[in-house]
Amino acid sequence: MQQQETIDFHTRKIWHGMSRLYNAEANKYGLTMSGGFLLLNISKEGTPSTKLGPMMGMEPRSLTRTLKMLHDKGWIRKESDPKDKRIVLIYLTEEGAEKRKIAKEFVIRLNEFIMDGITEEELHTFIKVCNQVESNLERNDILNQD
């Protein structure tokens with residue numbers, strides 16, 4: 001099998017291209033791609049910090065570093081959950097909400113750009129294949145093979 005015939009080759013190639021575009025745009029606003037995605041995933045009601053990592057597929061160390069950067073810039077604030085003091089809720093500040101709008105607008109623009117020439121049926125098939133790949137990866141059976 002040629003490298004160009006593998007799913008991981010195409011996934012990596014597409015992700016690197018998208019990542020470059022996301023980071024180039026994010027850098028204009030003092031953001032990173034990870035920071036922008038975190039801002040997009042924080043709800044108005046507050047989001048538990050422990051939910052953000054798994055939601056975004058981030059490792060704890062990367063999540064901690066990115067949350068610290070957002071906090072240092074004044075774009076998020078942390079508060080204890082009034083019902084359970086062990087839980088730390090993350091909220092957007094007013095400036096963070098503005099950065100979130102910028103991130104959201106760019107995600108929409110990039111998706112519209114990427115979708116150029118792709119039919120609804122092709123998109124549906126792509127998403128179906130991605131979901132199956134994700135399901136296969138979650139099984140981790142390959143790690144248990146000798």
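Colleague: What covers the buried residues of α4?

Modeller: This is a predicted model. The buried residues of α4 are Leu 63, Thr 66, Leu 67 and Leu 70. Seen down the axis of α4, they fall within an arc of 100 degrees, so they line one face of the helix. What covers them includes α2 (33–40), α3 (49–56), β2 (76–80) and β3 (88–92).

Colleague: Which exposed residues does the face of α4 turned away from its buried side carry?

Modeller: Buried here means under 20% relative accessible area, and exposed means over 50%. By that cut-off, the face turned away from the buried side of α4 carries the exposed residues Arg 61, Thr 64, Arg 65 and Asp 72.

Colleague: How far apart are the end C-alpha atoms of α4?

Modeller: Helix α4 has 13 residues, 60–72. At 1.5 Å a residue, they should span 18 Å. The expected value agrees with the distance between the end C-alpha atoms, which is 18 Å.

Colleague: Which residue with a positive phi follows α4, and what is the angle?

Modeller: The residue after α4 in question is a glycine, Gly 74. Its phi is positive, near 80 degrees.

Colleague: Where do the buried residues of α5 lie, seen down its axis?

Modeller: The buried residues of α5 are Gly 96, Lys 99, Ala 103, Phe 106 and Leu 110. On the other side of the helix, Glu 94, Glu 105 and Glu 112 are exposed. Seen down the axis of α5, the buried residues fall within an arc of 85 degrees, so they line one face of the helix.

Colleague: Which elements give two or more residues to the lining of the largest cavity?

Modeller: The structure holds one cavity of 30 Å³ or more, and about 140 Å³ of space lies in the largest cavity. Of the 14 residues that line the largest cavity, the closest to its centre are Tyr 22, Ala 26, Gly 36, Ala 103 and Phe 106. The elements that give two or more residues to this lining are α1, α2 and α5.

Colleague: How many residues of each class does the lining of the largest cavity have?

Modeller: In this count, Tyr is classed as nonpolar and Gly as polar. The lining of the largest cavity has 11 nonpolar, two polar and one charged residues.

Definitions and conventions
Residues numbered from 1 in each chain as written. Predicted model: local features only at pLDDT ≥ 70, side-chain atom pairs only at ≥ 80, totals over all residues. Heavy atoms only, no water. Helix = DSSP H or I, 4+ residues; strand = E, 2+ residues; numbered from the N terminus. Expected span 1.5 Å × (residues − 1). Buried < 20%, exposed > 50% of the residue type's maximum accessible area, 1.4 Å probe, protein only. Arc of directions from axis to C-beta. Contact = heavy atoms within 4.5 Å. 1 Å grid on protein atoms, 1.4 Å probe; cavity = no way out; pocket = protein on both sides within 12 Å on 5 of 7 lines; lining within 4 Å. Points joined across faces, edges and corners; volume = space filled by probe spheres on them.
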